[in-house]
Amino acid sequence: QVQLVESGGGLVQAGDSLRLSCAASVRTFLGYAVGWFRQAPGKEREAVAAISRSAGSTYYADFVKGRFTISRDDLKKTVYLQMNSLKPEDTAVYYCAAQPSPGDVSQWYPTEYEYAYWGQGTQVTVSS
């Protein structure tokens, strides 16, 4: 079993930055691809970014390209989402998810249905 705990959310103003963390309680995090998702009130959950287990391949949704950066530190068993130039429309609960990725080291998964493990989420609120 993998337990994921997100942190770093909060209330910020438009244009500010936040760094979200996703800490995994697992013997080794090396074999997992990880994704960040978000869900705003009344909307479906959507993919924000993903990273392969080698960190050599990443994915970003068009609406965060150039503003958000996903990274990982496997020694700390943590994946980060650096969010810059935040907009009010970025307001949502942000979730991280992990999926064992035993094959291609550059594999990342773009949809929520491909992830087996989920955190509880962290609220990000951006005021205008």
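Guide: The largest nonpolar core has 31 residues, and those with the most contacts inside it are Phe29, Trp36, Leu81, Met83 and Tyr94. A nonpolar core here is a set of buried Ala, Val, Leu, Ile, Met, Phe, Trp, Tyr and Cys residues joined through side-chain atoms within 4.5 Å. Buried means under 20% relative accessible area, exposed means over 50%, and partly exposed is in between, with a 1.4 Å probe and protein chains only. Two or more residues of this core come from each of these elements: strand S3 (18–25), strand S4 (32–39), strand S5 (46–51), strand S7 (68–73), strand S8 (78–83), strand S9 (92–100) and strand S11 (122–127). Strands (E, at least two residues) and helices (H or I, at least four) are DSSP runs, numbered from the N terminus.

This is a predicted model, in which local features need pLDDT of at least 70 and side-chain atom pairs count only at pLDDT 80 or more, while totals for chains, interfaces and linings use all residues. Residues are numbered from 1 along each chain as its sequence is written, and side-chain values use heavy atoms, with hydrogens and water left out.

Take Tyr94 as an example. Residues up to four places away in sequence aside, Tyr94 touches Glu6, Leu20, Trp36, Phe37, Arg38, Val48, Phe68, Leu81, Met83, Gly121, Thr122 and Val124; contact means heavy atoms within 4.5 Å. Apart from this core there is a second, separate one of 7 residues, which includes Ala33, Ala47, Ala50 and Ala97.

Now the whole chain. The protein chain has 0 helices and 11 strands. Its radius of gyration is 14 Å, close to the 14 Å that the globule rule gives for 128 residues, so the chain is as compact as a globular protein of that length. That radius is taken over C-alpha atoms, and the rule is 2.2 Å times the number of residues to the power 0.38. Buried residues make up 42% of the 128 residues. Of the contacts between residues at least 6 apart in sequence, 61% join residues at least 24 apart.

Gln13 is exposed, with a relative accessible area of 52%. Leaving aside neighbours within four places in sequence, Gln13 is in contact with Val126 and Ser127. The C-alpha atoms of Gln13 and Ser85 are separated by 9.5 Å, although these residues are 72 residues apart along the chain.
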